[in-house]
Structure formats: structure tokens, C-alpha cells
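Please open the structure in your viewer and keep the selection tool at hand. Each stop below states what to select and what is to be found there.

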Amino acid sequence: MDIWKIIMIVIVLVLSGIGALGIKEIKQEKKQTYTAGVIVYCIVMVFLNIALSLALMYIYTDNSFLFNLKRLSIISILWPIAYIDGKTCIVPNHLLKLALIYRAVLVLPEIFIEKKAVIGIIFSELAAAFAILLVSFICIKIMKGGIGMGDIKLFSVMALFLSIDGLIPAVIFSFIISFFVAIYSLISGKKTKKDAIPFGPSLLIGTYLSIFLCGM
């Protein structure tokens, strides 16, 4: 294992640790603590993040270090978002801001490593963010209550990491998973047609599968 692969694993562990800090359950007495469920969730997060990083490094060998790092960064943010959204149906703004900080930090090495290509990369990501924002607002008008503002903001932030090529399969996978989750929830009686079904968990699974299976 060369030095860059070791660096990648270390960064993934750090990102997973930061993600774990965002997964805290708030009890009635408003004291934050880690329950057994949260601990298991964090362990699964670390294991799957490492598995994804290894897949990107050893299967998709044409991917650059920064390309893979951007995908692992957004996945690390999606873990706490999925957990909190699943519990509260809220996409926390502070985690979206953290994602933007991650992306801003990654711009600096991109400027030096990608050089002339960095303009095209950033333009592609901004165009993807604008496109998904526009499509999401149209969906809100057509399907009222189908997509929340938190989901729209999350889509736009994801576009800054995945660009249009990575975002499209991620969203497609996520909607397919969300469909089956909705069917199961209705059949099992856990949800009714009037209940909101959080999209964050489906988005995490869909994006993870998209990156793992497509390398995008």
C-alpha cells in the first residue's frame, strides 16, 4: 500500500470521526449522549467508509486522489444527515455548512494539482448545482410536499462534490430505494399516506451504491 492510499484511509477515518460527532441523540433532558444504537451506526459508518475508499482505490484505478476524496467527503456528511433526517425529518443546516467547508478546502489542492482543468471542474459542479436546484423547485410546484427544502439544499451541495455525471446516478438510485422504502412503510403500517417519509437515509444508500458500483 503506497503513501497516498495510507493518507486516504487516514482522511476517511478523520471524516468518519467528524461525522460521528454529528450523530448525537438529544434526550428529553436535553443532554447529548451516545446510545447503543448510535454507537453501532457509527461503527457501520466507519467500516463502510473504509470499504468504499478501498473500492475506489483498487477498482476504479483511473480516478484521481481528489476525485475519490470528494466522493468520500460527501458520503461522510451524508451519514449523520441520514441518521438525523431519519429521526426528525430535518436536514441540519450546520452539516450542510460543514459540507461546503469541506468543498472549499478541496478547491485549494485542486488549483495546484488539476491546474487548468480546475476551471472546468468547478464550472461543471456549479452547473450541476444550479440544474438540480431548478429541477427541484419545479418538482415542488408539481408535487407539493414531495420534496422538502432541506432535500433541495442537500441536492445542491452534493452536486458540488459529484458534478452532473455523479449526481444523476446517485439521485436515480436514491429515488428507487425511496420508492421501496415508502411501499414497505405503507404496507407494514409504520407510515400512512399523510406521513412524511425522510429522504436522507435513501439518499445515503443510493449515493453510496452509485459511487461503489459506478465509481462516480
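**Before starting.** This is a predicted model, in which local features need pLDDT of at least 70 and side-chain atom pairs count only at pLDDT 80 or more, while totals for chains, interfaces and linings use all residues. Residues are numbered from 1 along each chain as its sequence is written, and side-chain values use heavy atoms, with hydrogens and water left out.

**Stop 1: helix 2.** Select residues 36–58, which form helix 2. Helices here are DSSP runs (H or I, at least four residues), numbered from the N terminus. Helix 2 has 23 residues and spans 33 Å from its first C-alpha to its last, close to the expected 33 Å; the expected span is 1.5 Å times one less than the number of residues. Next, colour its buried residues, among them Val38, Tyr41, Cys42, Met45, Asn49 and Leu52. Buried means under 20% relative accessible area, exposed over 50%, and partly exposed in between (1.4 Å probe, protein chains only). An α-helix has 3.6 residues a turn, so residues three or four places apart point the same way.

**Stop 2: the salt bridges.** How many salt bridges does the structure hold? There are five, a salt bridge being a side-chain nitrogen of Lys or Arg within 4 Å of a carboxyl oxygen of Asp or Glu. Select Lys70, Arg103, Glu110 and Glu125, which a network of salt bridges links.

Begin with Glu125 and Lys70, whose side chains meet at 2.7 Å, N to O. Glu125 lies in helix 5 (residues 117–142) and Lys70 in helix 3 (residues 65–88), so this pair ties together parts that are 55 residues apart in sequence. Now move to Arg103, which forms a salt bridge with Glu125 at 2.6 Å between the closest N and O atoms. Because Arg103 belongs to helix 4 (residues 93–113) and Glu125 to helix 5, the pair joins parts 22 residues apart in sequence. Arg103 also meets Glu110 in a salt bridge (2.9 Å, N to O).

Is Arg103 buried or exposed? Arg103 counts as buried because its relative accessibility is 5%. Glu125 is buried as well, with a relative accessible area of 3%.

**Stop 3: helix 6.** Finally, select Ile168 in helix 6 (residues 149–188). Ile168 counts as partly exposed because its relative accessibility is 45%.

Note on methods: Helix = DSSP H or I, 4+ residues; strand = E, 2+ residues; numbered from the N terminus.
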